[in-house]
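Please examine the structure shown below.

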Amino acid sequence: MSEVKLAVIYYSSTGTNYQLSQWAAEGAKQAGAEVKVLKVPELAPEAAIASNPAWKAHVDATKDVPTVKNEDLEWADAYIFSVPTRFGNMPAQMKQFLDSLGGLWFQGKLTNKVVSAMASAGNAHGGQEATLLSLYTSIYHWGGIVVAPGYTDPVTYTAGGNPYGTSVTVDSSGKMVEDVQAAVQHQAKRTVTVAGWVKKGLQG
């Protein structure tokens with residue numbers, strides 16, 4: 001069977017979800033997947049970005065990360081999304097991207113894709129779980145297969161215990177509070193494993 005193709009698709013303003021995506025890519029590659037790390041288009045005006053030094057620095061640092069395109073979603077067998085929370089929901093940048101996929105959805109090209117997601121927020125009860133659940137709602141409409149980490153490995157507990165997807169708290173200095181690297185990598189490996197089962201079943 002050919003290896004699983006995984007697209008890690010993220011939005012990050014100051015770097016947290018970019019880092020989560022890098023860890024996910026590492027875990028997925030360890031599980032034998034072919035991986036692309038892709039960002040969604042930035043919608044914020046230049047003036048808003050320039051007014052926040054950390055935001056501007058991150059945009060500059062990741063200027064060479066490819067922007068996700070429809071053909072990337074067709075290419076991949078599985079997706080991992082990584083987003084900050086905005087009032088308990090995904091950011092407008094990610095929502096806009098998902099809203100642009102109507103053509104692929106209509107053609108049935110998002111059906112049976114294996115999907116998992118991660119999130120971050122400024123405090124431990126800042127909406128991470130609600131954000132993941134709201135993102136997964138779109139996936140149900142696609143006929144996608146949501147693969148949450150649940151409590152399938154003890155690392156979920158040490159990372160804060162979110163069964164819907166790894167989530168992390170970011171303090172006022174921009175540093176991650178919980179140690180989530182191992183949980184992210186476990187989630188990625190689990191996503192790739194399930195995607196392999198699905199791909200084998202579809203090919204068989």
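Trp105 is placed in helix α6, which spans residues 102–106; helices (H or I, at least four residues) and strands (E, at least two) are DSSP runs, numbered from the N terminus. This is a predicted model, in which local features need pLDDT of at least 70 and side-chain atom pairs count only at pLDDT 80 or more, while totals for chains, interfaces and linings use all residues. Residues are numbered from 1 along each chain as its sequence is written, and side-chain values use heavy atoms, with hydrogens and water left out.

**Trp105 and its surroundings**

- Trp105 counts as partly exposed, at 46% relative accessibility; buried means under 20% relative accessible area, exposed means over 50%, and partly exposed lies in between (1.4 Å probe, protein chains only).
- Not counting residues up to four places away in sequence, Trp105 touches Leu110, His141 and Trp142, where contact means heavy atoms within 4.5 Å.
- Trp105 and Trp142 are 37 residues apart in sequence, and their C-alpha atoms are 6.2 Å apart in space.

**The nonpolar cores**

- The largest nonpolar core has 30 residues, of which Leu6 and Val35 touch the most other members. A nonpolar core is a set of buried Ala, Val, Leu, Ile, Met, Phe, Trp, Tyr and Cys residues joined through side-chain atoms within 4.5 Å.
- At least two residues of this core come from each of β1 (5–10), α1 (16–30), β2 (34–39), β3 (78–84), β4 (114–121) and α9 (181–203).
- Helix α9 gives the most to this core, with 7 residues.
- Apart from this core lies another, of 28 residues, including Leu38, Trp55, Ala76 and Met90.
- Val35 is in contact with Leu6, Val8, Ala25, Ala28, Lys29 and Trp75, leaving aside its neighbours within four places in sequence.
- In soluble globular proteins, nonpolar side chains tend to be buried together.

**Packing of α1 against α9**

- Helices α1 and α9 pack at an angle of about 50°, and their axes are 7 Å apart. Axes are lines fitted to C-alpha atoms, for helices over the stretch in contact, and angles run from 0 to 180 degrees between N-to-C directions.
- This angle makes α1 oblique to α9, because angles under 35 degrees count as roughly parallel, over 145 as roughly antiparallel, 65 to 115 as roughly perpendicular and the rest as oblique.
- On the side of α1, the contact is made by residues including Leu20, Trp23 and Ala24; on the side of α9, Val184, Ala188 and Val192 are among them.
- The residues of the contact between α1 and α9 divide into 7 nonpolar, 4 polar and 2 charged. Here Ala, Val, Leu, Ile, Met, Phe, Trp, Tyr, Cys and Pro count as nonpolar, Asp, Glu, Lys and Arg as charged, and the others, Gly among them, as polar.

- His186 lies in helix α9 and is buried, with a relative accessible area of 17%.
- Leaving aside its neighbours within four places in sequence, His186 is in contact with Thr152, Asp153 and Val155.

**Positive phi in loops**

- Phe87 is placed in the loop between β3 and α5 (92–99), and its phi is near 55°, a positive value in a residue other than glycine.
- Phe87 counts as exposed, at 89% relative accessibility.
- Asn112 is placed in the loop between α6 and β4 and has a positive phi of about 65°, although it is not a glycine.
- Asn112 is partly exposed, with a relative accessible area of 33%.
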